[in-house]
Amino acid sequence: MKPFFEVIEHQGSVAYLANEHAVGAWGPGQVAGPAIVGLLAQVLEEEQGEPDFLPARTTFELLRPFVQKPTTVRTELVRTGRRIKVARAEAIQDEKLVASAVFVQYRISENAPGERWRADDSVPFPPDVDSDPDATTWYHSDTAGWTHELEPHLNADRSTAWWNVLPMTADRPPSPYVRAVTTTEWTSLVTNLGTEWVGYINGDLTVALSRLPEGEWVGVQEASHLDSAGIAVGTTTIYDRSGPIGSGMITALNNIQAFT
C-alpha cells in the first residue's frame with residue numbers, strides 16, 4: 001500500500017511530503033486530518049516513546065491548513081517522571097506552525113482493586129470483514145447497514161467506522177498507536193456526518209487509550225454529538241476486535257461553505 005507521506009530532504013533536514021491520496025475534501029491540496037495526526041503520532045512515538053509506558057492521551061491541535069508542502073516535525077520532552085512523561089510535537093510548513101500535539105504517557109502497572117460500572121462492551125464489528133481481504137474501510141448506520149462506501153450513510157443514524165489504515169511513510173507499517181490515532185481522527189467524520197454530508201470541520205482531536213489495539217483493524221463508534229451556534233462537540237468509543245480500548249473527542253466549527 002502506498003503511504004500517506006514521502007520522506008524527503010528539505011533545507012538540510014528530514015521532511016515529509018503528502019501524497020495525493022492524503023488530500024481531503026476541504027480544499028485543493030489540503031491534507032486530511034487522519035494523515036496529519038498519524039504523521040505526528042509516528043514521529044512522537046519514534047522520538048519520545050518509552051518502553052513500559054502507554055500513550056494514554058494525545059491532544060492534537062490543527063492550527064492552519066496543512067497542505068502538500070515539505071513538512072518538518074520536531075519534538076521535545078516537556079516532563080519526565082517515574083510514572084508520567086509528557087512530550088510535544090510541532091509540524092512546520094514555510095516556517096509556520098500548522099499543527100501540534102501533546103503526548104502524555106503513563107507507566108503501565110495493574111488495575112486498581114474493586115468493581116466499577118462499565119458500558120456495554122459489545123464490539124460493533126463488520127460481520128464479514130475477512131471475506132474481502134482488499135477492503136480497508138467499513139462504515140455502518142442503522143439505515144444502510146455495513147458498506148465500504150460512505151455515501152449510503154447520509155442520514156441521522158448513529159455512525160460507526162472501521163479502518164485498516166495505510167502506512168504514514170514507506171519505511172515502516174503503522175504501529176498499534178499510529179493505527180489508533182489515525183482511525184480516531186474519524187471521530188469528526190462519524191459524529192458530524194448527517195443528511196447534508198459533513199457540515200463541521202474539527203480543529204482538534206484528543207485520543208485517550210486504556211490499551212493499544214491488537215490487530216490491523218481499529219474502529220470508532222459515535223458516542224455523542226452536540227451542536228449549537230455553529231460549534232459542535234463529538235465523542236466516540238474506540239475499538240479493536242476484542243472490545244473497547246479508549247475514547248476520542250473533537251470540537252468543530254460549521255464549515256458547510258466548503259461545499260457551496
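Leaving aside neighbours within four places in sequence, Pro-34 is in contact (heavy atoms within 4.5 Å) with Trp-163, Thr-182, Glu-185 and Trp-186. The model is a predicted one, in which local features need pLDDT of at least 70 and side-chain atom pairs count only at pLDDT 80 or more, while totals for chains, interfaces and linings use all residues. Residues are numbered from 1 along each chain as its sequence is written, and side-chain values use heavy atoms, with hydrogens and water left out.

Pro-34 belongs to helix H1; helices (H or I, at least four residues) and strands (E, at least two) are DSSP runs numbered from the N terminus. Pro-34 counts as buried because its relative accessibility is 9%, where buried means under 20% relative accessible area, exposed over 50% and partly exposed in between, with a 1.4 Å probe and protein chains only. The C-alpha atoms of Pro-34 and Pro-126 are separated by 21 Å, and the two residues are 92 apart along the chain.

On a 1 Å grid over the protein atoms alone, a pocket is an open set of points with protein on both sides within 12 Å along at least five of seven lines, a cavity is a set where a 1.4 Å probe fits but cannot get out, and lining residues have an atom within 4 Å of a point. The largest pocket has a volume of about 790 Å³, a volume being the space filled by probe spheres set on the points, which are joined across faces, edges and corners. Of its 34 lining residues, Ala-25, Trp-26, Ala-32, Gly-33 and Pro-34 lie nearest the centre. H1, H3, strand E11 (197-198) and strand E12 (200-202) each give two or more residues to this lining, and H1 gives the most, with 4.

Beyond four places in sequence, the contacts of Phe-5 include Ala-35, Leu-39, Phe-66 and Met-168.

Thr-137 is found in strand E7, and it counts as buried because its relative accessibility is 15%.

The search of the whole structure finds 1 cavity of 30 Å³ or more, and the largest cavity holds about 50 Å³ of space. Its lining includes Tyr-139, His-140, Thr-160 and Leu-189. Strand E7 (137-141), E9 and helix H3 (187-192) each give two or more residues to this lining.

Thr-160 leads on to the strands. Strand E9 (residues 160-163) pairs with strand E14 (residues 218-228) in the antiparallel sense over 4 bridges; two strands pair if DSSP finds at least two bridges between them. Within this pairing, Gln-221 in E14 is the bridge partner of Thr-160. Gln-221 has a bridge partner in E15 as well, Thr-237. E14 and strand E15 (residues 231-240) run antiparallel and are joined by 9 bridges. They form a hairpin with 2 residues between them, and Ala-229 in the turn has a positive phi of about 55°.
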